[in-house]
Amino acid sequence: MADSTEKTVSAGRSGKGMRWRLLKIFVFVVILSALIPVAYVGWSDLYSRFLEKSSPIILQDETFPRGVGLAPVWYRFDIRDSEAGLDEVVVRIRQKGRSYELLRRDFSGETQAKVEVQLPDQKVALEEGLATLEVKAFDRSFWSNAAEQRYEIAIDFRKPNLEVLTSQHNSVAGGSQLIIYKAFDENLAISGVKVGSRTFEGFPARGLDAGFADYPSVYAAIYAIPPDQA
């Protein structure tokens with residue numbers, strides 16, 4: 001009779017212990033289920049801000065100069081990093097084994113920035129010929145991801161030679177006129193006639209007369225005089 005009572009008590013205690021263990025497992029599962037989304041969001045944020053391996057993007061401005069002459073020119077760049085954000089941008093120019101630092105700029109995690117440098121710079125001793133403009137951008141990730149772009153630019157301090165071939169250029173306000181001229185320059189980019197704030201660009205004269213086909217340095221330009229021009 002005593003043995004039967006002990007077995008009943010033991011079984012009761014065993015059932016109570018099982019229910020307690022199941023309750024603890026249930027609570028653990030509930031807590032774990034609540035923490036998983038938090039951990040996922042935290043890990044995603046950590047990855048996107050500090051552990052990502054995507055490099056910044058360097059884009060040149062639409063009006064990117066072909067080279068450097070006597071007049072100062074501006075080189076502009078759009079730097080982007082949509083994840084960890086920008087940390088530093090360095091711009092250098094290299095020529096004949098020499099390197100000149102034009103810009104070093106620190107950032108605080110901005111996702112986009114515009115940087116610009118001016119050439120020629122008084123601190124930079126450039127010679128005529130070719131030079132390499134080097135742009136480097138670093139982000140704020142753990143890996144300090146880097147992007148680099150290099151641009152070959154021409155250095156030319158010589159003025160173009162110009163010779164007007166036509167002799168009659170009389171025109172009246174509201175009228176137009178044709179001019180034919182020679183323009184000599186190895187790096188000639190544009191030529192023409194400037195009237196006030198407007199520039200009338202010249203074109204190869206062979207397009208006007210086939211007789212100029214053998215003279216690639218001969219240009220023609222048609223320009224107009226505004227009616228209110230004195």
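Modeller: The side chains of E101 and R104 are joined by a polar contact of 2.9 Å. Keep in mind that this is a predicted model.

Biologist: Good to know. Where does E101 lie?
Modeller: E101 sits in strand β5, which covers residues 98-106.

Biologist: Leaving out residues up to four places away in sequence, what does E101 touch?
Modeller: E101 touches V90, V91 and R92. Taking V90, its C-alpha lies 7.6 Å from that of E101, and the two are 11 residues apart in sequence.

Biologist: Let's pick up R92. Which strand is R92 found in?
Modeller: R92 belongs to strand β4, residues 86-95. R92 is buried because its relative accessible area is 19%, and the cut-off for buried is under 20%.

Biologist: Which residues is R92 in contact with, leaving aside neighbours within four places?
Modeller: Among them are S99, Y100, E101, L102 and R104. T132, L133, E134 and K136 are in contact with R92 as well.

Biologist: How do β2 and β8 pair?
Modeller: They pair in the parallel sense, over two bridges, with β8 covering residues 146-155. G67 has A154 in β8 as its bridge partner.

Biologist: Now loops. What can you tell me about K96?
Modeller: K96 is in the loop between β4 and β5. Its phi is near 50°, a positive value in a residue other than glycine. K96 counts as exposed because its relative accessibility is 56%.

Biologist: And S144?
Modeller: S144 also has a positive phi, about 50°, although it is not a glycine. S144 lies in the loop between β7 (129-139) and β8, and with a relative accessible area of 35% it is partly exposed.

Biologist: Switching to charges: how many salt bridges does the structure hold?
Modeller: The structure holds 15 salt bridges. One of them is between the side chains of R140 and D87, at 3.6 Å from N to O. R140 lies in the loop between β7 and β8 and D87 in strand β4, so this pair ties together parts that are 53 residues apart in sequence.

Biologist: Which residue does R98 form a salt bridge with?
Modeller: R98 forms one with E127, and their closest N and O atoms are 3.2 Å apart. This pair links distant parts of the chain, since R98 is in strand β5 and E127 is in the loop between β6 (112-119) and β7, 29 residues apart.

Biologist: What else is around R98?
Modeller: The R98 side chain makes a polar contact of 3.1 Å with the side chain of Y100. Leaving aside neighbours within four places in sequence, R98 is in contact with I93 and A125 as well as E127.

Biologist: One last thing: how far apart are the closest N and O atoms of R150 and E148?
Modeller: They are 2.6 Å apart, in a salt bridge. Salt bridges that share partners join E88, R92, R94, E101, R104, E134, K136, E148 and R150 into one network. That brings us back to E101 and R104, whose side chains also make the polar contact we began with.

Technical notes. Residues numbered from 1 in each chain as written. Predicted model: local features only at pLDDT ≥ 70, side-chain atom pairs only at ≥ 80, totals over all residues. Heavy atoms only, no water. Helix = DSSP H or I, 4+ residues; strand = E, 2+ residues; numbered from the N terminus. Contact = heavy atoms within 4.5 Å. Polar contact = N/O pair within 3.5 Å; in protein donor to acceptor, adjacent residues only side chain to side chain. Buried < 20%, exposed > 50% of the residue type's maximum accessible area, 1.4 Å probe, protein only. Pairing = 2+ DSSP bridges. Salt bridge = Lys/Arg side-chain N within 4 Å of Asp/Glu carboxyl O.
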